[in-house]
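I opened my notebook to look up how charged side chains pair up. Here are my entries, in the order I made them.

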Amino acid sequence: MSTIDLPLPGARTGTELIPAVDEGVTQTGKDFTSDQEVRWCPGCGDYAVLKAVQGFLPDLGLRRENIVFVSGIGCSSRFPYYLDTYGMHSIHGRAPSIATGIATAREDLSVWVVTGDGDALSIGGNHLIHALRRNVNMTILLFNNRIYGLTKGQYSPTSEVGKVTKSTPVGSLDHPFNPVSLALGAEASFVARTIDSDRKHLTAVLSAAAAHRGTSFVEIYQNCPIFNDGAFDAIKGMGDHKGEKDYAIIPLNHGEPITFGVRDEAGPLNGLGDKALVRSASGNIEVVDTADISTEAILVHDAHDPDPSTAFAISRLTAADYLNRSPIGIFRQVERPTYDDQARAQVSDAAAKVSGSAEDRLTALINAGDTWTID
Amino acid sequence: MTYVIAEPCIDLKDRACVDECPVDCIYEGKRMLYIHPDECVDCGACEPVCPVEAIFYEDDLSDETQAYIAINADFFAHVGSPGGAANANVSDHDHPFVAEHPHRSSREVRV
């Protein structure tokens with residue numbers, strides 16, 4: 001067997017080949033709102049994500065008929081019904097695979113996957129990691145509520161150890177996945193994390209994800225008010241965790257030193273948080289008091305680093321139990337050839353080289369390779 | 001679309017809805033609470049917790065209470081979209097209609 005060097009298509013943005021709306025046409029959120037009654041429980045974080053997506057899609061300036069939302073099974077997967085775009089409520093865990101087909105066959109479509117922690121990480125775990133390594137041009141939104149909501153409250157692959165649910169009455173034994181670590185391990189080219197109720201941050205991340213050519217993976221912390229209420233209260237500074245937000249969120253901004261905690265603009269730290277990330281002697285990333293180190297020692301976030309190791313180390317700072325600490329923002333954003341661009345180029349190159357009638361080619365194919373004549 | 005706070009809230013301000021709102025879009029005026037129409041995500045969490053049933057989905061308002069859609073929206077005319085009530089102070093003003101509304105003590109108590 002041998003390998004050959006594949007031609008690399010030039011750098012493009014995620015939406016470059018997709019038809020834009022006619023000049024002078026202005027879209028609004030209403031253009032992306034379908035006539036379907038939204039059916040989630042009162043207070044569900046999915047409403048906030050839906051509203052943010054409907055508010056953001058007009059910014060893309062793409063034709064509605066060239067946008068597709070594919071979902072799997074779960075509460076989040078009702079999403080396509082509520083958007084006035086094309087969509088598909090597809091097979092449990094298989095939305096990334098169906099979206100791979102759509103994105104590969106149709107370069108003129110903006111392809112989105114909406115999935116949840118159960119759909120993407122349990123039954124669909126395999127499909128997710130393969131979509132990520134292939135780097136198909138699409139955006140995957142993973143709504144993580146750390147519970148099975150649609151089936152009324154069983155533990156999910158992101159539920160913490162010891163969690164008592166209907167299916168784990170004496171506490172879950174399963175070690176949870178960290179979706180961002182998983183995506184970085186699969187070498188996804190765009191990996192981000194955001195929060196359902198922070199519309200500004202969510203919109204900024206969606207915008208960067210759509211602009212990225214390749215698979216953009218976005219984990220969205222999403223509160224389930226019925227079966228796992230308060231799971232993100234520390235991150236949001238709500239409920240019993242009022243005032244904890246500053247220390248719970250580690251904000252990631254490309255090119256900026258990573259600090260968090262209390263920021264005193266007038267203080268000696270010059271607006272930096274009072275906690276900072278530094279590289280330890282062993283090469284790991286650790287949290288220290290900013291006052292104890294020099295400003296130069298603070299880790300500067302580089303989302304464009306081709307090596308995902310540092311991004312992975314940062315992702316490991318996410319609390320595995322109750323979520324009282326989590327890095328939020330774009331962990332990784334690198335250019336890598338996409339599967340769909342390369343597949344289309346291969347097919348058109350190969351098609352251009354064939355000659356002869358279809359019948360001759362079929363005969364040649366049947367007689368090619370490992371065939372024998374048995375006497 | 002949005003949820004809307006109407007007359008029963010005036011001079012009451014129970015604030016149960018403020019704790020319930022997942023996107024922190026319910027702001028406090030001097031005499032009434034107001035829902036920010038652009039920040040509300042229509043989730044409906046506030047409506048059942050209101051002890052005086054002051055919260056309605058926009059489409060469910062009666063002809064007499066329709067005016068509260070504009071009353072809630074206009075309250076934010078000069079503040080824009082603060083992006084969360086937790087960081088906003090209690091306003092010392094109200095929509096003019098609410099400000100001039102008869103005080104609860106002088107009105108019949110609704111049951």
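I started with A:E107. This is a predicted model, and in it A:E107 has a relative accessible area of 40%, so I logged this residue as partly exposed.

Next I looked up its partner. A:E107 forms a salt bridge with A:R344, at 3.1 Å from N to O. A:R344 sits in helix α10 (residues 339-353) of chain A, and A:E107 sits in the loop between α2 and β3 (110-116), so this pair ties together parts 237 residues apart in sequence. I also checked A:R344: its relative accessibility is 17%, so A:R344 counts as buried.

Then I turned to A:D341. Its salt bridge is with A:R213, and the closest N and O atoms are 2.7 Å apart. A:D341 lies in helix α10 of chain A, while A:R213 lies in the loop between α6 (199-211) and β6 (215-221), so the pair ties together parts 128 residues apart in sequence. I noted both A:D341 and A:R213 as buried.

Which residues are linked with these in a network of salt bridges? I found A:R12, A:E107, A:R213, A:D340, A:D341 and A:R344.

I moved to chain B. B:R15 and B:E28 form a salt bridge, with 2.6 Å between the closest N and O atoms. B:R15 is in the loop between β1 (3-5) and α1 (16-20), and B:E28 is in strand β2 (residues 26-28), 13 residues apart. B:R15 is partly exposed at 36%, but B:E28 is buried at 18%.

Last, I searched the whole structure. I counted 19 salt bridges over all chains.

Notes:
Residues numbered from 1 in each chain as written. Chains lettered and ligands numbered in written order. Predicted model: local features only at pLDDT ≥ 70, side-chain atom pairs only at ≥ 80, totals over all residues. Heavy atoms only, no water. Salt bridge = Lys/Arg side-chain N within 4 Å of Asp/Glu carboxyl O. Helix = DSSP H or I, 4+ residues; strand = E, 2+ residues; numbered from the N terminus. Buried < 20%, exposed > 50% of the residue type's maximum accessible area, 1.4 Å probe, protein only.
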